[in-house]
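Take a look at the model below. Follow the rings first, then the charges, then the pocket.

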Amino acid sequence: MIRHFAYFVCLTIFLTQQTIAPERKVERNAVLSARDPNVRVQFPQPAQYVGADRWNLYDVADCELHAFVDSDAQKNVQRLYWVQFEGYLPSKPDLAHQYDSPRHTSIGGLDFYVDTWVRSKDEQTQQGSDRQHIEELIRSKGFNMPAAMMYVRLVHLLDERKRKELMIIYGEDLRPTGFSAADLSKGGKAFGQWPAIEKGLLERAEKKIAIQQNPHTR
């Protein structure tokens, strides 16, 4: 009896720790999603597919991410393309995504909230976060993150309930700007130049990301 119980406990732990298989498909430089939403997200040809991860984010949301990078011959990341499909679990019916950015853009006919920021490589990463998952995925494939990056986050909420989202994060190595993350952060010596730099970053993101709606119904 004790032996059977111990086996049951071990089996339960083993199954709990299993990674949920990614649902979306990848074709070359595109991610194809049949639902939530039904879209094809396409990136430029030089981008290399790194891989995917899917898990229950903090036990409140089903989270699936896909990563692409542009890198040099030494596998140093120069640009990051991060696609994430996220929805709150049915067991959390009262939760909804909260975004308050006043800036929006449209790609492929979808409306996106827009946020930008800079981040140094040595900043603390929250345990269990989606950032931890994508950074571990990138490192596991032998790629090296730069000392600092600048990012634009694009978030599309699927409906008025705001329980499901498509998030795309585009990041670039900060080194070509000649500034550090501290320089461009609020209070930094080059903070006044950040509006022009982020404007160019957003423009490049909009050009590099192509979205086709409902590709599975055509």
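Y81 is buried in this predicted model. Its relative accessible area is 1%, and the cut-off for buried is under 20%, so Y81 counts as buried.

Now look for partners. By the ring-centre rule, the count comes to 6 aromatic pairs. One of them joins F43 and F68. Their ring centres are 5.1 Å apart, and their planes meet at 55°. Planes under 30 degrees apart count as stacked and those over 60 as edge-to-face, so at 55° the pair of F43 and F68 is tilted.

Where do F43 and F68 sit in the chain? F43 is in the loop between strand 3 (39-42) and strand 4 (48-57). F68 belongs to strand 5, residues 61-71.

Are F43 and F68 buried or exposed? F43 has a relative accessible area of 3%, so F43 is buried. F68 has a value of 0%, so F68 is buried too.

F43 also forms an aromatic pair with Y81. Here the distance is 4.9 Å centre to centre, with 40° between the planes. This pair, too, is tilted. Why does it tie together separate parts of the sequence? F43 lies in the loop between strand 3 and strand 4, while Y81 lies in strand 6, so the pair ties together parts that are 38 residues apart in sequence.

Step back to the wider picture. Ring pairs link F43, Y49, F68, Y81 and Y170 into a cluster. Trace those five names on the model.

Rings can also meet charges. R24 lies over the face of F85, 4.2 Å from the ring centre. A second case involves R131 and Y151. The charged end of R131 sits over the ring of Y151, at 4.8 Å from its centre.

Next, turn to the largest pocket. About 320 Å³ of space lies in it. Which elements give two or more residues to its lining? They are strand 6 (77-88), strand 8 (110-120), helix 2 (130-140) and strand 10 (164-173). Strand 6 supplies the largest share, with 3 residues.

In total, 20 residues line the largest pocket. L57, E86, Y99, D130 and R153 lie nearest its centre. What is the lining made of? It divides into 5 nonpolar, 7 polar and 8 charged residues.

Methods
Residues are numbered from 1 along each chain as its sequence is written. This is a predicted model: local features need pLDDT of at least 70, side-chain atom pairs count only at pLDDT 80 or more; totals for chains, interfaces and linings use all residues. Side-chain values use heavy atoms; hydrogens and water are left out. On a 1 Å grid over the protein atoms alone, a cavity is a set of points where a 1.4 Å probe fits but cannot get out, and a pocket is an open set with protein on both sides within 12 Å along at least five of seven lines; lining residues have an atom within 4 Å of a point. Grid points are joined across faces, edges and corners, and a volume is the space filled by probe spheres set on the points. Helices (H or I, at least four residues) and strands (E, at least two) are DSSP runs, numbered from the N terminus. Ala, Val, Leu, Ile, Met, Phe, Trp, Tyr, Cys and Pro count as nonpolar, Asp, Glu, Lys and Arg as charged, and the others, Gly among them, as polar. Rings of Phe, Tyr and Trp (its six-membered ring) pair if their centres lie within 6.5 Å; planes under 30 degrees apart count as stacked, over 60 as edge-to-face and the rest as tilted. Buried means under 20% relative accessible area, exposed over 50%, partly exposed in between (1.4 Å probe, protein chains only). A charge sits over a ring if NZ of Lys or CZ of Arg is within 6 Å of the ring centre and within 35 degrees of the ring normal.
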